[in-house]
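Hi,

Here is the structure we talked about. Please open it alongside this note; my findings follow below.

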Amino acid sequence: MFRYITRRFLETIPVLWIIATVTFFMMRLAPGGPFDAEKQISPEVRARMEAHYGLDKPLFEQYLTQMKHLLHGDLGPSFKYPGRTVNEIIADAFPVSLELGFEALAVALVFGLAAGMVASLKQNSAWDHVPMSLAMAGLCVPTFVMGPLLISAFALHLDWFNAAGWYFPRDRVLPALTLGAYYAAYIARLARGGLLEILNQDFIRTARAKGASMRRILFKHALRGGILPVISFLGPAVAGLLTGSFVVETIFGVPGLGRYFVTAAFNRDYFMVMGSVLFYAGFVVALNLAVDVLLVWMNPKLRFE
Amino acid sequence: MIDTSSMAKTERGASFWQDAWHRLWKNKLAIFGLAVVTILAVLSFASPLICRYIIGFSYDQQNLALGPVAPNHTHWLGTDPLGRDLLARLLYGGRVSLMVGLCATVVSLTIGVIYGAIAGFIGGKLDMFMMRAVDILYALPFTIFVILLMVFFGQNIILLFVAIGAVQWLTMARIVRGQVMAVKRQEFVEAAHALGLRRTRIIFRHIVPNLLGPIIVYATLTVPEVILLESFLSFLGLGVQPPHSSWGVLIKEGAEVMEEYPWLLMYPGVMMALTLFSLNFLGDGLRDALDVRGSKD
Amino acid sequence: MALLTVENLCTSFHTRNGVARAVRDVSFQLERGETLGIVGESGSGKSVTCYSIMGLVPQPPGRIEGGRALFDGVDLLAISNQELNRIRGRRISMIFQDPMTSLNPFLRVGEQLIEPLLIHEKITCRAATTRALAMLNEVGLAEAEHRLNMYPHEFSGGMRQRVMIAMALITKPDILIADEPTTALDVTVQAQILELIRKMQIELGMAVILVSHDLGIVSGFCNRVMVMYAGRVMESATTEDLFYDTKHPYTRGLQKSIPALQPKGEELYTIPGMPPDLLRPLPGCPFAERCSHAVEYCVKEEITLVEVAPQHGSACLRVQKENLSV
């Protein structure tokens, strides 16, 4: 097990390096620069600004410099917000996105697992069809439709929540629901499928022959195997939650990293883009490793290899 | 002994595909999905004709004097702030969205099937290497790269197809590889081998038909994901560019004026949700019908 | 009074292609401490009969159409699931054919072994574990403490079946139903498992229903044997009577088919024809199509099990009417 973890960890380092390199060259080779939009400044001033940030040096030299900085954990300055470093911006914005992501994940897990469990126990009844149809709806209505709809219904018409902002605890509700809905739906379907497959196995019949109640069968026997597909999904789910937050943060005015990332890309804020990409990628890779380790641990056959 | 030959009726065997079609036909939701998708596809691809002869407006025909109006007799679904007819834009947008969906799915299918088939068929070290690559790639937030690609390299619709398709191929590769390996191991392949059939014959007559099932299912399920991704990009301003429109663009425009002109968000939203619903139901139905593992009665 | 009385049990499966009547009007009795063997080919309904008694028939496609199963004054087919759970695993236990798939691969053996105790008795985990250890020793598994913490996939087939037996008998039930317990095991292990069941049966004084397609196994183990075909009971007698005074052509056919009993060097005997499709109504005697003794009325008249000799029932119409000798 320990060897598995170290091996995976060592694998991620070249991966992150490749990501950094690809991102770097993609950005520099793309048309447009960070100061093109500033129509007020003269070409000389622009040249001096570029020199200030080292943008006039040969490309490969800039690449090496950046790599060196990255190894020291220095993500560089931001062009759009002069005076602030990327590290600072991420330190401010990422916890917001993280909180939103967690809350959305909680929504997804609670609703999704509950729906999946009920549906699997009462297969082909109303308890199955209704939650699964709702799940289908959750999959088919995109976040940027659901968001405005929820705002319209609960914030504007019913006035239960604010339409935007991230100041009070109750500001978390609508964004978390919007972001979590798709994943709740996906998890519900996965959980139902996984549980059904387990519930059809012989050892469940053995448990029933022992006189076990339905609750015991579900929680002690079925769940352990049944949620494996849900856990497998968590890796890509978190990746999706992070990226999905771009839209949700825009709609609800949440000051998270996602919004900064997209604007930075538009503004050719090179260091900001690199910083965000590496941060996200690193986070997702780490989480996937955790999920894979968890999966191996949960399957007794694999645990002792 | 009693002669019972007259009692037994000769049973007509059904081929795998006939059996699957029969099962699909019984699944009302899936057939509903198929019907809706077909109708939508026909309407969308015939949209130029429909726009010209039935509706009377084109998707980019502005009427600034008119401005945004609610649905009425002239404009059946209303107009947007530039006076453009919503129904026309919806149909045209559908064409674009469905096309993106189809093309990107074809891209991901091609890459995924070739990759997965090679890995599965050759097996061994190559397979291990290829699958590790897939595992690593799977972990990356591809969407971020697509965003970067679209931001930096401009709004080329071909690039859009390729970029979106490139996000989805991983799952297809995994499935195809799994299926190839499973089929390879099955006894009937050994039996064919024992009968002396040549390798190519084995591949085409035996393995490929078994691949078609999962490929069809996951292709059908990829299309809605692709459409969602495209509309996500459009919402960020990265997807389809004006004057073209897709459902994503329409939804974005509708969301901006949601309070004043709700129909501009509602109709595109419903249309897209309906399409995605239908594709998902169809995909589920196909999965149940074609997946032999699933049928247990 | 008999320990278990089954009367007119009918179980069907409602499939897409029609209704498969797996158990058609089956009746039998089981006395305290008796060993009853149920023999038949695949599809004869022997397993479904036992599942029906235990309430393990999956109810969406399956349905118990009628009959009673009286155990200690209670009709098992009529009580609620909750009440049935109090009997299953405590007073009637069942072990299954494939020990590999019958144990939960995600749980340790110890957890699964103490489960019947935790469900049915007010007992602490520790006390239950002590009893589990004792039980493992009883069934012949050494290093019991070590074994409790292991997972099923770390055991061999024979050991797993021993665990299943321990799990079934830990609550000292009145009846053990063993559905083809040795079919999935190596020949050498088969005898050991049967010996183990016999030993436990004598110790606990319980009744055993042994289901098998192997007439040889059943004959070595059981007091009484019931032969089933196409969902019906064809013959029911003591083991001795079944072999030495056979009163049904199907039973005779089964005996003739045992390879070991046939003269060497000659073609092996098989009963001509195939088992019938249970989706068809099958009027009259279901075996008539393949029976060398069949006559006109065999396919017309409904068959029932009738006592044709002391403690010896046969469903063969010709044996009943003309005392046909098979």
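From the N terminus on, the elements of chain A run α-α-α-α-α-α-α-α-α-α-α-α-α. That comes to 13 helices and zero strands. Helices (H or I, at least four residues) and strands (E, at least two) are DSSP runs, numbered from the N terminus.

This is a predicted model: local features need pLDDT of at least 70, side-chain atom pairs count only at pLDDT 80 or more, and totals for chains, interfaces and linings use all residues. Residues are numbered from 1 along each chain as its sequence is written, while chains are lettered from A and ligands numbered from 1 in the order in which they are written.

Confidence comes next. The mean pLDDT of chain A (the predictor's confidence in each residue, from 0 to 100) is 83, and 97% of its residues reach 70 or more.

The C-alpha atoms of chain A fill a box of roughly 85 × 55 × 30 Å along the principal axes. Of its 305 residues, 42% count as buried (20 or more other C-beta atoms within 10 Å of the residue's own, C-beta atoms being placed from the backbone).

Now one helix pair. The axes of helix 7 (residues 173–199) and helix 9 (residues 214–226) of chain A come within 8 Å and cross at roughly 125°. Axes here are lines fitted to C-alpha atoms, for helices over the stretch in contact, with angles from 0 to 180 degrees between N-to-C directions. Ala191(A), Gly194(A), Leu195(A), Ile198(A) and Leu199(A) in helix 7 meet Ala222(A), Gly225(A) and Gly226(A) in helix 9. Contact means that C-beta atoms, placed from the backbone, lie within 7 Å. By class, this helix contact has five nonpolar, three polar and no charged residues. Ala, Val, Leu, Ile, Met, Phe, Trp, Tyr, Cys and Pro count as nonpolar, Asp, Glu, Lys and Arg as charged, and the others, Gly among them, as polar.

What touches chain A? On one side, 26 residues of chain B are in contact with 31 residues of chain A. Helix 6 of chain B gives the most to its side, with seven residues. By class, that side of chain B has 22 nonpolar, four polar and no charged residues.

Then chain C: 16 residues of chain A are in contact with 22 residues of chain C. Helix 8 of chain A supplies the largest share of chain A's side, six residues. By class, that side of chain A has four nonpolar, six polar and six charged residues.

Best wishes

Note on methods
Two residues are in contact if their C-beta atoms, placed from the backbone, lie within 7 Å. A residue is buried if 20 or more other C-beta atoms lie within 10 Å of its own, exposed if 12 or fewer, and partly exposed in between; C-beta atoms are placed from the backbone.
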